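Hi,

Here is the structure I promised to pass on to you. Have it open while you read, and click on the residues as they come up.

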Amino acid sequence: MNMIETMHLTKEYSDFAAVSDINLHIRKGTVYGFLGPNGAGKSTTMKMFLGLTRPSSGSFTIDGMSHPGDRMKILREVGSFIEAPAFYGNLTGEENLDIIRKILGLPKSSVSDALELTGLTPYRKRLAKKYSLGMKQRLGLAG
Ligand SMILES: Nc1ncnc2c1ncn2[C@@H]1O[C@H](COP(=O)(O)OP(=O)(O)OP(=O)(O)O)[C@@H](O)[C@H]1O
Ligand SMILES: [Mg+2]
């Protein structure tokens, strides 16, 4: 079964095609490297998956759910960050995750689980703005 499928997905800005007629078939349980030159349309494609920009034509499904009808259901199931994750710099890594935890309605233990999984337990009390680049990426994954 495919986790993500796109059918002739296209995004045009006035007369310029940022994404042109792409047909992806991404299988469930796989890690997919989505590569291309700068400006190829990778970020624009992912923004469409998250409902941050509207396709000009074509469509896509995520885990069998289709956009835009199932947008809220899709977002509840998807973890994402595009390019760089956004944090509250003046809160610690742990405090940032606790905010996400509350929004998602998860148990308290999910914060320490996510810190452990991403190797951030020793840095959980450090302010996010003082994290190194790699630590910030890890905090994004933990979220
Ligand atoms: N809001 C916008 N308005 C007009 N053109 C845009 C807009 N956003 C992106 N583009 C253009 O669409 C094309 C695809 O951009 P996109 O950011 O998707 O590329 P990318 O594959 O993610 O590139 P990179 O590897 O540099 O991250 C580029 O030519 C870009 O300038
Ligand atoms: Mg990009």
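**Around the ligand**

Let's start with ligand 1: the residues around it are Tyr13, Phe16, Ala18, Pro37, Asn38, Gly39, Ala40, Gly41, Lys42, Ser43 and Thr44. Please keep in mind that this is a predicted model.

What is the make-up of this shell by class? There are five nonpolar residues, five polar ones and one charged one.

Now zoom in on the oxygen atoms of the ligand. A polar side-chain atom of lysine 42 sits 2.7 Å from one oxygen atom of ligand 1. For asparagine 38, a polar side-chain atom is 3.0 Å from a ligand oxygen atom. Alanine 40 takes part through its backbone: an N or O atom there is 3.2 Å from an oxygen atom of ligand 1. On its own, ligand 1 has 640 Å² of accessible area, and the protein covers 58% of that.

Which elements give two or more residues to the shell? They are strand E2 (16-22) and helix H1 (42-49). Helix H1 supplies the largest share, with three residues.

You will find threonine 44 in helix H1. Is threonine 44 buried or exposed? Its relative accessible area is 14%, and residues under 20% count as buried, so threonine 44 is buried. Looking past its neighbours within four places in sequence, threonine 44 is in contact with Lys11, Tyr13, Ala18, Val19 and Thr53.

**The chain as a whole**

Time to zoom out. The chain has five helices and five strands. If you read along the sequence, the pattern is β-β-β-α-β-β-α-α-α-α. The C-alpha trace spans about 50 × 30 × 25 Å along its principal axes.

Of the 143 residues in the chain, 30% are buried. The accessible surface comes to about 9,400 Å², and carbon and sulfur atoms account for 54% of it. Now take the contacts in the chain with a separation of 6 or more: 54% of these are between residues 24 or more positions apart.

**The nonpolar cores**

Which residues make up the largest nonpolar core? It has 11 residues in all: Ile4, Leu9, Val19, Leu24, Ile26, Met48, Phe49, Phe60, Ile62, Met65 and Ile74. Strand E1 (2-13), helix H1 and strand E4 (57-62) each bring at least two residues to this core. Another core, of 10 residues, lies apart from it, and includes Val111, Ala114, Ala128 and Met135.

Setting aside neighbours within four places in sequence, methionine 65 is in contact with Phe60, Asp70, Lys73, Ile74 and Glu77.

Next comes serine 66, which belongs to strand E5 (residues 65-66). Its relative accessibility is 33%, and that value lies between 20% and 50%, so serine 66 counts as partly exposed. Not counting residues up to four places away in sequence, serine 66 touches Phe60, Thr61, Arg71 and Ile74. Serine 66 and phenylalanine 49 are 17 residues apart along the chain, with 9.8 Å between their C-alpha atoms.

Most residues other than glycine have a negative phi, and most peptide bonds are trans. Where is the cis peptide bond? It joins histidine 67 and proline 68, with omega at about 0°. Proline 68 is in the loop between E5 and helix H2 (71-77).

Two residues other than glycine with a positive phi are also on my list. For aspartate 21, phi is near 55°. Aspartate 21 is part of strand E2, and with a relative accessible area of 42% it is partly exposed. For glutamate 83, phi is near 70°. Glutamate 83 is in the loop between H2 and helix H3 (93-104). Is glutamate 83 buried or exposed? Its relative accessibility is 59%, and anything over 50% counts as exposed, so glutamate 83 is exposed.

Cheers

Definitions and conventions: Residues numbered from 1 in each chain as written. Chains lettered and ligands numbered in written order. Predicted model: local features only at pLDDT ≥ 70, side-chain atom pairs only at ≥ 80, totals over all residues. Heavy atoms only, no water. Near = heavy atom within 4 Å. Polar contact = N/O pair within 3.5 Å; in protein donor to acceptor, adjacent residues only side chain to side chain. Areas by Shrake-Rupley, 256 points an atom, 1.4 Å probe, with all protein chains shown as cover. Helix = DSSP H or I, 4+ residues; strand = E, 2+ residues; numbered from the N terminus. Nonpolar A, V, L, I, M, F, W, Y, C, P; charged D, E, K, R; others polar. Core = buried A, V, L, I, M, F, W, Y, C linked by side-chain atoms within 4.5 Å. Buried < 20%, exposed > 50% of the residue type's maximum accessible area, 1.4 Å probe, protein only. Contact = heavy atoms within 4.5 Å.
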